[in-house]
Amino acid sequence: MYDAIVVGARCAGSATALLLARQGHKVLLVDKATFPSDTISGHFIMHPGVVRLKKWGLLDRVFASGCPPITRFSSNLGDYTLSGQVPYDFDGLPYAVGPRRTVLDTILVEAAVEAGAELRQGFAVNDVLWEDDRAVGIRGRTQEGSPVTERAHIVIGADGKHSKIAQLVQAPTYREAPSLTCWYMSYWSEFPCEGLEINWRHHRISFTFPTNDGLVQNAVAWPHQEFHAFRSNIEQNYLNTLNMMPDIAERLPDARRESQFYAMADLPGFFRKPYGEGWALVGDAGHHKDPTPAYGISDAFCDAELLADALQKGFAGEQSFEDALSDYEQHRNTRAIPDYEETCQRASLEMWDTPDMLGLRSALRGNEEDTSRFCAVMARAIPRESFFAPENIQRIMRQANLIPDSV
Ligand SMILES: Cc1cc2nc3c(=O)[nH]c(=O)nc-3n(C[C@H](O)[C@H](O)[C@H](O)COP(=O)(O)OP(=O)(O)OC[C@H]3O[C@@H](n4cnc5c(N)ncnc54)[C@H](O)[C@@H]3O)c2cc1C
């Protein structure tokens, strides 16, 4: 009998297993994949995710893998390239990082095992065990095909957006949104790149950053309704999109594409009720959104921490599991709902060049300190509301002589 069985061993599952095991709980962590294992995903980790890697003692392992720290963020909306250093006054962590999932997920899995979690790889869960309407365990198959039953106080679905656990426990879904974008990604060598580079044009976006093995990920998104058009000539459409972005286009002739294309167009938005009798959901299994702002990994880490804290309160008898898990849902939603609404807007790939945004960017030209803070908003290192507060925007515009001092 385990305290917790965690189904899915990537960002959300391994992090949850790691934290629960460090609290002293008996944890079984299972995944149908075997690690190291890749998955179709961008992997740029924003500030909240980096903070958690550091807190859990894993950031040095990410850097030791050869993945460079990223300190510069730049964006170009067809106006000019606004580039800033992410400032140093946030938790002493002025960087982001973009490790390959083969690297990141393996670091997380190994850390969970070091913390005491029992890992079973190549293990596919196909059912939840019930007693008196309460989930009490799982049924699954080992890599060799043997059926296995295991029991636990709580079954945690960290098994991604199409979560089998969510389906089996019939977790209610809310705030649903259709897929808004489609993505094609590949890895490049001989492509000098020091930071995160985001380029927007009408209905087009590209996302570029350095990762392991001296490679750079170049990802391109189009609106979801154009997926079939993109698919009709993937290489040409991908290259044409990158060539629309002068900063990228100038480096392409000397660069070499080193990988296949990784594609993803199945990107529904939703929240699921993340708990019930004997079960909980974490990461994409509990809440999924378009990847345009690159929040998924950070959110999976944040939710893993919230869930582990809630369960600890339940196990310690400080709160009933029901109350602790209800708090978990509320805390998750307080953070995630505003981000989700903004993400749905941004992922329409239409809201990129509003007069307000272009005016602000023009005012930021040559203003290093505020550009840095603007980049910190993109990195989620400082809250949007504090940077975009009317008085702050007015101050920046005034400093750039774009509004009179009297306003
Ligand atoms: C195109 C694209 C680009 C993205 N770019 C970024 C980015 O730059 N930055 C960022 O932060 N996020 C990005 N994301 C989002 C990020 O990939 C996800 O939010 C993140 O992977 C969620 O982690 P997770 O652990 O919840 O789920 P997953 O990574 O989906 O892991 C789920 C695991 O559960 C296992 N599993 C599933 N079913 C079972 C079963 N029945 N039995 C056993 N195991 C099972 C799977 O094998 C898998 O290993 C991107 C996503 C996409 C699609």
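Visitor: How far apart do the centres of the positive and negative side chains lie?

Guide: This is a predicted model, where local features need pLDDT of at least 70, side-chain atom pairs count only at pLDDT 80 or more, and totals for chains, interfaces and linings use all residues. Residues are numbered from 1 along each chain as its sequence is written, and side-chain values use heavy atoms, without hydrogens and water. Lys and Arg count as positive, Asp and Glu as negative, with His and the chain ends not counted; each charge is placed at NZ of Lys, CZ of Arg, CG of Asp or CD of Glu. The chain has 39 positive and 54 negative side chains, and the two centres are separated by 2 Å.

Visitor: How many helices and strands does the chain have, and what is its radius of gyration?

Guide: Helices (DSSP H or I, at least four residues) and strands (E, at least two) are numbered from the N terminus. The count is 14 helices and 21 strands. The globule rule (2.2 Å times the number of residues to the power 0.38, for a radius over C-alpha atoms) gives 22 Å for 407 residues, so the chain is as compact as a globular protein of that length, with a radius of gyration of 22 Å.

Visitor: What share of the chain's residues is buried?

Guide: Buried means under 20% relative accessible area, with a 1.4 Å probe and protein chains only. The C-alpha trace spans about 65 × 50 × 40 Å along its principal axes. Of the 407 residues, the buried share is 57%.

Visitor: Is helix α1 largely enclosed or open, and how many of its residues are buried?

Guide: Helix α1 covers residues 11–22 and reaches 17 Å from first C-alpha to last. That is close to the expected 16 Å, at 1.5 Å a residue, counting one less than its number of residues. Cover for its buried residues includes β1, β2, α4, β10 and α9. Helix α1 is largely enclosed by the rest of the structure, because its buried residues number 11 of the 12.

Visitor: Which residue just after α1 takes a positive phi?

Guide: Cys11 and Ala21 are among the buried residues of α1. Just past this helix, a phi of about 100° belongs to Gly24.

Visitor: How far is the C-alpha of Phe374 from that of Phe388?

Guide: Phe374 sits in helix α12, residues 368–378. Phe374 is buried, at a relative accessible area of 7%. Its contacts (heavy atoms within 4.5 Å) beyond four places in sequence include Ser75, Leu82, Met357 and Phe388. Phe374 and Phe388 are 14 residues apart along the chain, and their C-alpha separation is 9.1 Å.

Definitions and conventions. Buried means under 20% relative accessible area, exposed over 50%, partly exposed in between (1.4 Å probe, protein chains only).
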